[in-house]
Structure formats: C-alpha cells, structure tokens
Amino acid sequence: MVSLKDSIEKLVSSLIPGASVVDVRPLAPDAKTDERDATAKVSGYGLPLRIRVLGSDGTEKWLVFRTPTANDFGHDRRSDRARDMLLAYDSFSGIPRHIQAKDVGAILTDGRLLSLRDAGELYLLTSYAPGSLYADDLRRIAREGQVTALDVQRCDALAQYLLELHSTKGSRPAAYTRALRDLVGHGEGIFGIIDGYPADVPAAPLERLREIERSCVEWRWLLRGRAERLV
C-alpha cells in the first residue's frame, strides 16, 4: 500500500520536474498540526491538503490536493464527485484570476494516483446480452396499431421484472428525496425531456410544456417526505 504522502510526491515530481515536496498539511482554519510532524501525519481523504514545494531553482510554490467528500446534497454517488472534479479541471482555466487546476485523476485501491489530465471521454466495457430492443416492439405497435399475444407476454414479463427489481426496500430518506429531484429537474429527467421538444411540435406548444412542468413540481411536493416508498 502506497502512502498518500508518497503518491503526492510522485505526482508533484511529474508536474514539476526536479521539485521536492517540503511538507503537506491539512488546509483548514482549525487544522492545528505540529510543524515538525505535519507531513508524517497526513492520511485519509476529504480534507484539502496544502503542499509546499521547492523547485530545482530554489523557488517556493504552493499547491492544494483536494479530494471530494460525500454528502446528501448531490454528492452521494461516486459519479457525482467524479463529475465535479472533471468539471473543475475543465473549467477553472476559463475563469479570470481563478486558481488553476494542474491535474485531475483517481486514487487507486493501493493508494497510487492515476492522472486523467490527458484523457478524453471516459469509457465503459460491459457484457453483451443478445436479442432485440423492446423499443422496436413499441414502434411496431404504434405504426401498425396492433397488439399480438407475444406483445402481451413481453409486457407481463417486463412488469414482473420491475416488481422483482423494486422489491428491496431502501433505508436512506435522502436517497428518496434525490430520486424525486432527479426525476423532475435532472437533464435526463422530465425537464430534460421537455427541453428536447423543438418549438414547432403541434402537440407540444410551449404553454402545454410549462403546465406539465408546473404539475410535476407540484407532484414532487406531494410525494416528498414519503421515504417509506424508497426501493
């Protein structure tokens, strides 16, 4: 297992060739760590760390090593925290007189740091399930106006699967609140679907879309607080 201090020193040397880390200490108003052993006691994640670096030319530099902290305000999932880090790296340089992001990456299970500064889009490798898309069945039904016995069987199978999928009860009230919030306001939720309509769709004039939004927001408040429904 690689120590966080060692990983930080290796990262700094890759960013600033010839530089050495003088010390690493928590960056917090109430972080009172003895000057003599501040670097040795650095451990754990979630608290920003201030790094004092000495360049090969003798100049002193300061860096900050940040790791995200989980909370119930949109940071409860690892993907949320990864999003914020990537957004910071991509956007800090475009903000005048703002601190500059030098690197972004992931902490591996053995404590090493994996830089993503040269990465493009992320990728996901999955297993493969043979078959045809259920959406094709729905398009055919809409096109032909006919429902077959097989369509009914597939609908029953889907309903049974959803019943089994949602049979395990959840225990975090904040997760239920988030699910409602994401359903309504997320870019892949109802608001995102509404914004996907062009302005000239006859069945979806702007006033109708506004009414749908208002209704959904009202329903969020009607359902809010009923965390016993969480699955």
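The buried residues of helix α1 are Leu4, Ser7, Ile8, Leu11 and Val12, where buried means under 20% relative accessible area, exposed over 50%, and partly exposed in between (1.4 Å probe, protein chains only). Seen down the axis of α1, these residues fall within an arc of 135°, so they line one face of the helix; the arc is that of the directions from the helix axis to the C-beta atoms. An α-helix has 3.6 residues a turn, so residues three or four places apart point the same way.

The model is a predicted one, in which local features need pLDDT of at least 70 and side-chain atom pairs count only at pLDDT 80 or more, while totals for chains, interfaces and linings use all residues. Residues are numbered from 1 along each chain as its sequence is written, and side-chain values use heavy atoms, with hydrogens and water left out.

Helices (H or I, at least four residues) and strands (E, at least two) are DSSP runs, numbered from the N terminus. Helix α1 comprises the 12 residues 4-15, which at 1.5 Å a residue should span 16 Å; the end C-alpha atoms are 17 Å apart, which agrees. The expected span is 1.5 Å times one less than the number of residues.

The buried residues of α1 pack against β1 (20-26), β2 (49-54), β3 and β5 (113-115), contact being defined as heavy atoms within 4.5 Å. The helix lies across β1, β2 and β3 and runs at about 50° to β2. For such angles, axes are lines fitted to C-alpha atoms, for helices over the stretch in contact, and the values run from 0 to 180 degrees between N-to-C directions.

Three strands form an open sheet in the order β1-β2-β3, with antiparallel pairing; two strands pair if DSSP finds at least two bridges between them. β1 and β3 stand at the edges, each with a single partner strand, so one side of each is left without a neighbour in the sheet. From one strand to the next, the twist averages 25°. Between β2 and β3 there are six bridges in the antiparallel sense, and Leu49 has Phe65 of β3 as its bridge partner.

**Individual residues**

Ala70 is found in the loop between β3 (60-65) and α2 (78-91). Leaving out residues up to four places away in sequence, Ala70 touches His75 and Arg81.

Val231 is placed in the segment after α7 (206-223). Apart from neighbours within four places in sequence, Val231 is in contact with His166, Thr168, Lys169 and Gly170. Val231 and Ser167 are 64 residues apart in sequence, with their C-alpha atoms 6.7 Å apart in space.

Most residues other than glycine have a negative phi. Arg97, which is not a glycine, has a positive phi of about 60°, and its place is in the loop between α2 and β4 (105-107).

The structure holds zero disulfides, a disulfide being a pair of cysteine sulfur atoms within 2.5 Å.

| Residue | Relative accessibility | Class |
|---|---|---|
| Asp182 | 18% | buried |
| Val231 | 41% | partly exposed |
| Arg97 | 84% | exposed |
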